[in-house]
Amino acid sequence: MVFPMSKVRKAVIPAAGLGTRFLPATKTVPKEMLPIIDRPILMYIVEEAVRAGIEDIVLVAGRGKHAIEDFFDVSYELEDKLARDGKDAWLESLRKIRDAANIISIRQMRPLGLGHAIGCAKPIIGSEPFAVLLGDEIMIADKDKPTVTGQLARSFEQSGMSTVAVMEVPASETHKYGIVEGETTAMPDGGTRIRVGNVIEKPTAGQSSSRWALPGRYVFDASIFGHIASTKPGKNGEIQLTDAMVAVAKEKGLLAQTFTSRRFDAGDKLGYLQANIELALEHPELGTALRQYLQTLGKTL
């Protein structure tokens, strides 16, 4: 049976992390603002949300991340100079960034984990369903296919159940992720859907046989806020989102499903480089020259 639900129109992007894996570069530049070719990581994530029909985006930032807010603000001097110089294409690109969605910034006062960061958005989200897109995970969907966030929103709107994205990883990598356990079924599009029974945050060896990992895309109804509020701090004193997800699974039910987009972990140095190379190969100005360079370089390795 299909239960029509409210449309998912709001999203939360947690961007309060310290970016320690990219120090010293991230001492003054937020990790989310590091460039993938000529656009910051965060812009790819905002674009995914907008393509999924998101209208309001809540950025949960920490201290010292004013560059994120400034990026989505008006830059009068720059825009005026571009207009006077006749650089209309560049001017339009800046305006598209500014007008992509309603960008709302809120401060996470203390670094108490992902669950706490999402909980900070409650005053703005209210009682509406919402998506969560992690600020260092890039998902690239083909132009004729829905984004990961779009796929999750559709599942929520059809089933009435919070839905999260999962991907299958090698057993040797499960300790890096939150891991989903549950009953799997095949989806009509060839993907896999899981009725979630349990979620384990970065399991140790032998703690779980599941290899279904959470890569940072979620759609929740507002009940998740109550579970976050009642979640006790765990490792490192952080409030884990996975604990609140377990409570949702027990109370209302929780779905997990695979997705069709390409995924890059831009919060990891290798993943960041891979994203730059693969997306640059598709860039109209850089693709041909970069491909020739890589082919020449490959002969010397």
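A salt bridge is a side-chain nitrogen of Lys or Arg within 4 Å of a carboxyl oxygen of Asp or Glu. Side chains of opposite charge can pair in this way when their charged atoms come close. The structure examined here is a predicted model, in which local features need pLDDT of at least 70 and side-chain atom pairs count only at pLDDT 80 or more, while totals for chains, interfaces and linings use all residues. Residues are numbered from 1 along each chain as its sequence is written, and side-chain values use heavy atoms, with hydrogens and water left out.

By the rule above, 11 salt bridges are counted. One of them joins the side chains of Glu282 and Arg262, at 2.8 Å from N to O. The partners come from distant parts of the chain, 20 residues apart: Glu282 sits in the loop between α10 and α11, and Arg262 in strand β15 (residues 262-265). Helices (H or I, at least four residues) and strands (E, at least two) are DSSP runs, numbered from the N terminus. Arg262 and Glu282 also belong to a network of salt bridges that includes Glu278. Arg262 counts as partly exposed because its relative accessibility is 28%; buried means under 20% relative accessible area, exposed over 50%, and partly exposed in between (1.4 Å probe, protein chains only).

A further salt bridge brings together the side chains of Arg9 and Glu55 (3.9 Å, N to O). Arg9 lies in the segment before β1 and Glu55 in the loop between α1 and β4, so this pair ties together parts that are 46 residues apart in sequence. Both ends are partly exposed, Arg9 at 33% relative accessibility and Glu55 at 42%. In another pair, the closest N and O atoms of Glu47 and Arg39 are 2.4 Å apart. Glu47 is partly exposed, with a relative accessible area of 30%, and Arg39 is partly exposed as well, at 28%.

Attention now turns to the inside of the model. Helix α1 (residues 41-51) is mostly covered, with eight of its 11 residues buried. Among these buried residues are Ile41, Leu42, Met43 and Tyr44. After α1 comes Gly53, which has a positive phi, near 95 degrees.

A nonpolar core is a set of buried Ala, Val, Leu, Ile, Met, Phe, Trp, Tyr and Cys residues joined through side-chain atoms within 4.5 Å. The largest one has 43 residues, and those with the most contacts inside it are Ile13, Ile36, Ile41, Leu42, Ile57 and Ile138. Helix α1 gives the most to this core, with seven residues. Apart from it lies another core, of 35 residues, which includes Val58, Val132, Leu134 and Phe225.

The surface has a nonpolar feature too. Leu273, Ile277, Tyr293, Leu294, Leu297 and Leu301 make a nonpolar patch of about 590 Å². Patches are made of residues with over 30% relative accessible area and no salt bridge, with like charges joined within 9 Å and nonpolar side chains (Val, Leu, Ile, Met, Phe, Trp, Tyr) within 5 Å. Helices α10 (269-281) and α11 (287-300) each supply at least two residues of the patch, and the largest share, three residues, comes from α11. Leu301 is found in the segment after α11, and this residue counts as exposed because its relative accessibility is 82%.

Methods. Areas by Shrake-Rupley, 256 points an atom, 1.4 Å probe, with all protein chains shown as cover.
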